[in-house]
Amino acid sequence: MTKNISLLGSTGSIGTQSLDVCRMHGYGVKCLTASSNVAVMEQQVREFKPELVCMMNEAAAKELKTKIADTATKVVSGMDGLIECAVYCGADTVLNSVVGMVGLRPTLEAIKAKKTIALANKETLVAGGHLVTNLAKDYGVDILPVDSEHSAIFQSLQGCPDDKAVKKIILTASGGPFFGKTLDELENVTAADALKHPNWDMGAKITIDSATMMNKGLEFIEAKWLFDMKNEDIEIVVHRESVIHSAIVYRDNSMIAQLGVPDMRIPIQYALTYPERKPSPVKELSLADYGKLTFFEPDYDTFKCINVCKDAIELGGLHPAAANGANEESNRLFLEGKIKFGDVAYLNNEAMKNAPEVSDFTLQDVLDADRQARDFVLETVKC
């Protein structure tokens, strides 16, 4: 059972909910990291008394160091500081909830330091692929999923007699705020429209990814690596209520699903307490309150980002890294009002197709493909 945690991305949505779980169960929080939110980080330092904190922004690190000078907490900054927190000797588990490609290198270093990985940073597996899974096998490190969908699959697999018993996995998707809309109807939607998610309270980047359904495409790739599944054995189903978080189908056609209210603290806690189950800060699900649960096929013609990710993992190599890198830029540009909703899928697809063709790759190859994809997006949009 987890005793001491290094939490990467502590001021974001997943990070703050992770601290709810730590607070409830009295887990030691040895390290915290954030990008630039000094005010929230100061509050967290004073409550949880970590030994080490990192602010990615150097100016923010200097400000925080001044504000918490009366504490014993050491402040570091940048990628080197983030990695220092990931490998910190006082923590046995690294909960990686940072957003984006920035999470890949600290995950790899934490694996080398033989930390248990509670992974909420899907970009790690999307971009890193076999670099991450092979390294985890080499070092005997567990990667425990924190995404609600992958946690649901992981939980449903606990009764599996052997890997071959699984016929396929089913990833559920809320459909986001634009479910049922056509491309024409989405032509002029704004970031403010896209940020109105019907079920989940998430950060801006992930909420936009949910609106474009790029998030589900990224989860498709992540599921392949986490559960060693063939592409054709992963199915996406739109489930508007977000009660069934995902499911598996066994070879006898029995389906096992994990259900719960849409609250990330359930999968966060399971990753931290696995294989135990403990009381949760989340309310109990009442099926009678919902009354009915609905399911639909995804609209691949409108939400083309799913296709981008499926094509990327089919092509393999560096194509998933390029798709992810392009999306981080197109997502940001849409948030800033510099491109339209439909441009996101177009830019992601073009950058993905332009990725170098390789049969194997290194970490540097991944970083280069990511940068090339980002540059492609910026040059195409002329930013």
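In what order do the seven strands of the open sheet lie? I started my notebook with that. The model I am reading is a predicted one.

**Entry 1: the sheet.** I traced the strands and got the order S4-S3-S2-S1-S5-S6-S7. The pairing is parallel. I recalled that strands of a sheet pair through backbone hydrogen bonds, either parallel or antiparallel. Next I looked for the edges. They are strand S4 (74–77) and strand S7 (143–145). Each of these pairs on one side only.

Entry 2: I picked S5 (residues 93–96) and S6 (residues 116–119). Four bridges join them, and they run parallel. Leu-95 stands opposite Ala-118 in S6.

**Entry 3: a helix on the sheet.** Which strands does helix H5 touch? I found that H5 (residues 104–112) packs on the sheet and touches strand S1 (4–8), S5 and S6. The direction of H5 makes about 155 degrees with that of S6.

**Entry 4: two helices.** I noted that two packed helices are described by the angle between their axes and the distance between the axes. I looked up both for H1 (residues 13–25) and H2 (residues 38–48). Their axes come within 13 Å and cross at roughly 10 degrees. Angles under 35 degrees count as roughly parallel, so H1 is roughly parallel to H2. The crossing of H1 and H2 is left-handed. H1 makes the contact with Thr-16, Leu-19 and Arg-23, and H2 with Gln-44, Glu-47 and Phe-48. By class, I wrote down two nonpolar, two polar and two charged residues for this contact.

Terms used: Residues are numbered from 1 along each chain as its sequence is written. This is a predicted model: local features need pLDDT of at least 70, side-chain atom pairs count only at pLDDT 80 or more; totals for chains, interfaces and linings use all residues. Side-chain values use heavy atoms; hydrogens and water are left out. Axes are lines fitted to C-alpha atoms, for helices over the stretch in contact, and angles run from 0 to 180 degrees between N-to-C directions. Helices (H or I, at least four residues) and strands (E, at least two) are DSSP runs, numbered from the N terminus. Angles under 35 degrees count as roughly parallel, over 145 as roughly antiparallel, 65 to 115 as roughly perpendicular and the rest as oblique. A crossing is left-handed if the near helix is turned anticlockwise from the far one by less than a right angle, and right-handed if clockwise. Contact means heavy atoms within 4.5 Å. Ala, Val, Leu, Ile, Met, Phe, Trp, Tyr, Cys and Pro count as nonpolar, Asp, Glu, Lys and Arg as charged, and the others, Gly among them, as polar. Two strands pair if DSSP finds at least two bridges between them.
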